[in-house]
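Work through the exercises below with the sequence and the model open side by side.

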Amino acid sequence: MQPVSLFLGVLFLSAGLAAQTSAQGTTQGTPPPPRHQHMMAMQQHMQEMKAQIAKMQANVDQMKANAGKIKDPAVRQQADLDAQMWQMMVDHMQGMQQMMSEHGGTMGPGMRHQMHHPGPGGTAPPPSSEPQ
């Protein structure tokens with residue numbers, strides 16, 4: 001279970017670092033970078049994202065292989081479920097990366113709206129687990 005914890009830690013640290021980086025570039029005193037620099041930064045970010053997804057997929061493949069070696073049926077089932085859940089996350093990230101690359105790495109207001117409120121072709125967000 002330690003690889004899963006490490007995986008989660010890396011994921012949260014990456015998200016926090018990305019949030020800090022984007023917040024630093026949007027202060028009122030700092031003008032936006034020139035378009036050329038912005039495009040180069042987006043391309044670099046896309047390459048980093050691809051590499052991160054590839055590493056995650058390799059880890060998921062290893063989880064699947066390890067799960068197949070487990071003798072205890074209950075423990076094997078839990079390991080299979082863990083691997084399936086991580087595979088869904090990797091698939092989601094691959095879809096996001098694909099969408100970003102198709103749109104040149106930019107997300108305009110329309111894309112942000114579609115991500116949170118999908119149309120007929122999109123998927124709805126998961127139901128809330130909060131009691132009503």
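**Exercise 1.** In this predicted model, find which residue caps the N-terminal end of α3, and then compare the reach of α3 with its expected span.

Solution. Begin at Asp72, which caps the N-terminal end of α3 through a side-chain oxygen that lies 3.0 Å from the backbone nitrogen of Ala74. Next, follow α3 through residues 73–102, a run of 30 residues. From its first C-alpha to its last, α3 reaches 43 Å, which is close to the 44 Å expected at 1.5 Å a residue.

**Exercise 2.** Decide whether Gln57 is buried or exposed, and list its contacts beyond its neighbours within four places in sequence.

Solution. Locate Gln57 in helix α2, which covers residues 35–68. Its relative accessible area is 19%, and because buried means under 20%, Gln57 counts as buried. Once neighbours within four places in sequence are set aside, Gln57 is in contact with Gln87, Val90 and Gln94.

**Exercise 3.** Identify which residues of the largest nonpolar core touch the most other members, and state which helix supplies the largest share.

Solution. The core has 13 residues, of which Met49, Ile53, Met56, Trp86, Val90 and Met100 touch the most other members. Both α2 and α3 supply at least two residues each, and the largest share, 7 residues, comes from α2.

Technical notes: Residues are numbered from 1 along each chain as its sequence is written. This is a predicted model: local features need pLDDT of at least 70, side-chain atom pairs count only at pLDDT 80 or more; totals for chains, interfaces and linings use all residues. Side-chain values use heavy atoms; hydrogens and water are left out. Helices (H or I, at least four residues) and strands (E, at least two) are DSSP runs, numbered from the N terminus. The expected span of a helix is 1.5 Å times one less than its number of residues. A polar contact is a pair of N or O atoms within 3.5 Å; within protein, one must be able to donate a hydrogen and the other to accept it, and residues adjacent in sequence count only if both atoms are side-chain atoms. Buried means under 20% relative accessible area, exposed over 50%, partly exposed in between (1.4 Å probe, protein chains only). Contact means heavy atoms within 4.5 Å. A nonpolar core is a set of buried Ala, Val, Leu, Ile, Met, Phe, Trp, Tyr and Cys residues joined through side-chain atoms within 4.5 Å.
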